[in-house]
Amino acid sequence: MPEALGYRRRIGVVWTALGVALIALTLRDIFEMLFHPLGRGRIGRVIIRAVSTACTRISNRRQAANALAGPLSFITVIAVWATLLIIGWALVFLPHLPEGFRFDPGLDPSDHSGFGDAVYISLTNLTSLGYGDISPQASLLRILAPIEALFGLGLLTASVSWLISIQGAISRRDSFAHEVRLSRRAEDRHGKLADSDPGLLERMLASYIEQLIVARRDLIHFPITYWFRAEEDEHALSNMLPFLREAVKEGSGEDRPLALQVRAAALGMAIDDFAETLRERLEVPGETTEATLEHYHDHSRNRPQAS
């Protein structure tokens, strides 16, 4: 009997250590994904890439799949984080079943001492449901149960905050793309601004530089936004970047005012930086800026590419 008890304690320590490690790993990933300046959560990034890749492949048969890559990635990441926390806490509670818990009179404790029951306890704690049929009795467990409930509340709050941040980044990106699109239509109607009003073009390029820098920073902080598509392909930023490249060429002529040349050069560098971010952070192919932007355009389409 003492040997069996000692073995059970050693196994209990192993389960507890694994549970604590899993909880710590999940919390670290949540922190790095949501609060790290570079959004470096490894688990989250792997999930996003897996879901988006699957949606891209499915989009060859179903057009809507590509547009759902971003939302599905977001939901999957949150679901995986919640699942990992539930399993981690379940492993912490498992060694204490059934002695450490109080059971409803209609339940036989000997029938509720497995891993499934530990998951059930963890799930009710994380979601703050608290059915009361199985409740902690040991002093330590009575402390851990509400702590897990706080973790669940924190995950919910962080998820909502992340979603709001993502929507803000998407809104800024799409608003920028819409402004560029209107400028392109205006130029098509009234002619090249570099010839008629270089000062106005210089001010427009200054605005483009500022907004493109913001779009790049948003892409660094929230890489998942790459997979959120614009409602229409013609309104996508990826579809507007070629026009910005033309604006750089238009303002870079030697006969242009110096201020316009400087703005054009700065916009060109901002576009190069944006393309470099796509290559390094999101592994978009392309040896040059033009090649990377072409791949970016293809990946940002709501319609599958022609085979």
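The side chain of Arg256 reaches the backbone oxygen of Glu250 at 3.0 Å, a polar contact (a pair of N or O atoms within 3.5 Å; within protein, one must be able to donate a hydrogen and the other to accept it, and residues adjacent in sequence count only if both atoms are side-chain atoms). This is a predicted model, in which local features need pLDDT of at least 70 and side-chain atom pairs count only at pLDDT 80 or more, while totals for chains, interfaces and linings use all residues. Residues are numbered from 1 along each chain as its sequence is written, and side-chain values use heavy atoms, with hydrogens and water left out.

Arg256 is placed in the loop between helix 9 (237–251) and helix 10 (258–282). Helices (H or I, at least four residues) and strands (E, at least two) are DSSP runs, numbered from the N terminus. Arg256 counts as buried because its relative accessibility is 18%; buried means under 20% relative accessible area, exposed over 50%, and partly exposed in between (1.4 Å probe, protein chains only). Neighbours within four places in sequence aside, Arg256 is in contact with Ala194, Asp195, Glu250, Gly251 and Gln261, where contact means heavy atoms within 4.5 Å.

The mean pLDDT of the protein chain is 88, and 93% of its residues reach 70 or more; pLDDT is the predictor's confidence in each residue, from 0 to 100. Over residues 303–307 pLDDT stays under 50, and the model has six contacts beyond four places in sequence for this stretch.

The largest nonpolar core has 73 residues. Such a core is a set of buried Ala, Val, Leu, Ile, Met, Phe, Trp, Tyr and Cys residues joined through side-chain atoms within 4.5 Å. Helix 4 (residues 69–93) supplies the largest share of this core, twelve residues. The residues with the most contacts inside the core are Trp81, Trp162, Tyr208, Phe274 and Leu278. Not counting residues up to four places away in sequence, Trp81 touches Thr26, Asp29, Ile30, Met33, Leu34, Leu155 and Trp162.

Eleven aromatic pairs are present in the structure. Phe93 and Phe101 form one that is edge-to-face, at 6.0 Å centre to centre with 85 degrees between the planes. Rings of Phe, Tyr and Trp (its six-membered ring) pair if their centres lie within 6.5 Å; planes under 30 degrees apart count as stacked, over 60 as edge-to-face and the rest as tilted. Phe93 and Phe101 are both buried. Ring pairs also link Trp89, Phe93, Phe101 and Phe151 into a cluster.

Seven salt bridges are found in the structure, each a side-chain nitrogen of Lys or Arg within 4 Å of a carboxyl oxygen of Asp or Glu. One of them joins Arg28 and Glu32 at 3.2 Å, N to O. Arg28 and Glu32 are separated by about one helical turn because they are four residues apart in helix 1 (residues 2–34). Arg28 counts as exposed at 56% relative accessibility, whereas Glu32 counts as buried at 16%. The side chains of Asp174 and Arg173 also meet in a salt bridge (3.0 Å, N to O); Asp174 counts as partly exposed at 23% relative accessibility and Arg173 as buried at 13%.

A further salt bridge is formed by Asp272 with Arg245, the closest N and O atoms being 3.4 Å apart. Asp272 lies in helix 10 and Arg245 in helix 9, so the pair ties together parts that are 27 residues apart in sequence. Both are partly exposed, Asp272 with a relative accessible area of 30% and Arg245 with 22%. Salt bridges that share partners join Arg245, Asp272 and Glu290 into one network.

Ala275 is also found in helix 10 and is buried, with a relative accessible area of 0%. Beyond four places in sequence, Ala275 is in contact with Thr289, Thr292 and Leu293. Ala275 and Thr292 are 17 residues apart in sequence and 6.1 Å apart in space, C-alpha to C-alpha.

Backbone geometry was also examined. The peptide bond from Leu97 to Pro98 is cis, with omega near -5 degrees, and Pro98 is found in the loop between helix 4 and strand 1 (101–103). Ser128, although not a glycine, has a positive phi of about 60 degrees; Ser128 belongs to the loop between helix 5 (115–126) and strand 2 (134–136). Glu283, a residue other than glycine, has a positive phi near 55 degrees. Glu283 is found in the loop between helix 10 and helix 11 (289–299) and is exposed, with a relative accessible area of 57%.
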